[in-house]
Amino acid sequence: MTIGRMMTIMKTTMTNPSFKDGPIYLTSSTSISTDWQCGMKYWWYKCEGGNGIVPVEEASYFAEGRELHHDLEPYARGGTVGEVLERIPALDTVAPDQSRLELLSRRRGWATAFGLYIEPPLRKGHDEVSVEEEIVLRRDPLWVNHRPDRVQRSHATHGLRYREWKSTSSTRPEWVLSWAHHPQLHLGLAALEQELKEKVDYANVLGFYKGYPKEGKLLHPYIYAYRSPQGVWSSSYTYGWEKLGVWESPYSTEEWVKKLGAEGAQKTFIWSAPAFLDRRMVAQLLRRRAERQKEIEEIKSLAQVDAEVREDHFEMRLTQCRPAWGSACQYLAACKNAVVNADPVGSGLYVARTHKSDTEEQMTGDGE
Ligand code: SF4
């Protein structure tokens, strides 16, 4: 079911008390994942003040994920590397801010390398089926919104393949294997199967390596390079060579990515293990989530005015506040600072979420 059709039905069911099958609970894989991480995080994001709140300053991993999807989308429509790079700000627009130069250099490098090394085999061996099209997995009373990044049909097998793009801090085997049982992929597979009325061969994720911080710099092959005393440039360090930003080299982004070649791309991209639809897992998950959404809908009005009810039904998972790996929770101030907690929006640190429903959400990054 497309989002337009779904919204029409939603309006009917939510405004018509005689709807024969009772209420519909609408959610998304992002919301489910947020609630699993921490009930209170779900509260802040989806319920506080009626529609949830978000930080005034967006967490960098959200912006990163959104930009990644924006940048790659034209490739599925036949776009070229040049056309894609034209949509991304030039490096001199953020100079001389080092951290912004690093992120923009990596962003331009990712988009370029994807076009040169990932897109050609995807395009050559497949027909496009959909690109970031929103669909709904409908298992009444629960409807789960989903937006698969790209769906293709293989020329070789005529089967469907579903892809997601994620930034990642890890390229270890654990990351590769973690996706085989990841609920986002399984919910997506189930939604696609329902929408397209056809089994999907598998889903997999392409990871975009983010690099790592060291001595005040973000080290990544598309961000920093080394220059010899004689002016030779390389991505590999040699004693006595100077470390400089790619933007300080005589190479454009495209020239640098080509200079690093397939070897550079191998250090940047990693495909996950395939996920094959696990119907039993999806059925269990949906049944449990339907119960949880029912609980949320029944309690959220009272929880707006009663802190104890809120704490009882939106449990704080305190190990998630500032985890050893990855970013601190974006609601840290809302939970830990008593003044902010009393009035998060009035504190100036948060604003009301403008999303009207789960239909506008999508999982963008790995949140690391
Ligand atoms: S700060 Fe901790 S308790 Fe509060 S929402 Fe974030 S993870 Fe949950």
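Visitor: Is Asp 35 buried or exposed?

Guide: Asp 35 is buried, with a relative accessible area of 6%. Buried means under 20% relative accessible area, exposed over 50%, and partly exposed in between, using a 1.4 Å probe and protein chains only. The model is predicted: local features need pLDDT of at least 70, side-chain atom pairs count only at pLDDT 80 or more, and totals for chains, interfaces and linings use all residues. Residues are numbered from 1 along each chain as its sequence is written, and side-chain values use heavy atoms, with hydrogens and water left out.

Visitor: With which residue does Asp 35 form a salt bridge?

Guide: A salt bridge is a side-chain nitrogen of Lys or Arg within 4 Å of a carboxyl oxygen of Asp or Glu. Here the partner of Asp 35 is Arg 289, and the closest N and O atoms are 3.0 Å apart. The pair connects distant parts of the chain, 254 residues apart: Asp 35 belongs to helix α2 (residues 29-37) and Arg 289 to helix α10 (residues 279-305). Helices (H or I, at least four residues) and strands (E, at least two) are DSSP runs, numbered from the N terminus. Arg 289 is also buried, at 4% relative accessible area.

Visitor: Which residues are linked with Asp 35 and Arg 289 in a network of salt bridges?

Guide: Arg 292 and Glu 295 are linked with them in the network. The side chains of Glu 295 and Arg 292 meet at 3.3 Å, N to O. Because they are three residues apart in helix α10, about one helical turn separates them. Arg 292 counts as buried at 8% relative accessibility, whereas Glu 295 counts as partly exposed at 26%. The whole structure holds 23 salt bridges.

Visitor: What surrounds the ligand?

Guide: A residue is near a molecule or strand if one of its heavy atoms lies within 4 Å of it. The residues surrounding the ligand include Cys 38, Met 40, Lys 41, Trp 44, Arg 317 and Tyr 331. Helix α3 (39-47) and helix α12 (332-336) each give two or more residues to this shell, and the largest share, three residues, comes from α3. By class, the shell has nine nonpolar, one polar and two charged residues. Ala, Val, Leu, Ile, Met, Phe, Trp, Tyr, Cys and Pro count as nonpolar, Asp, Glu, Lys and Arg as charged, and the others, Gly among them, as polar.

Visitor: Which peptide bond is cis, with omega near 10 degrees?

Guide: That is the bond from Asp 140 to Pro 141, and Pro 141 is found in the loop between β4 (135-139) and β5 (142-146). A cis peptide bond also joins Ala 95 and Pro 96, with omega about 5 degrees. Pro 96 is in the loop between α5 (81-86) and α6.

Visitor: Where is Lys 197 placed?

Guide: Lys 197 is in the loop between α8 (183-196) and β8 (200-209). Although not a glycine, Lys 197 has a positive phi of about 55 degrees. At 72% relative accessibility, Lys 197 is exposed. Glu 132, another residue other than glycine, has a positive phi near 45 degrees and is found in the loop between β3 (126-131) and β4.
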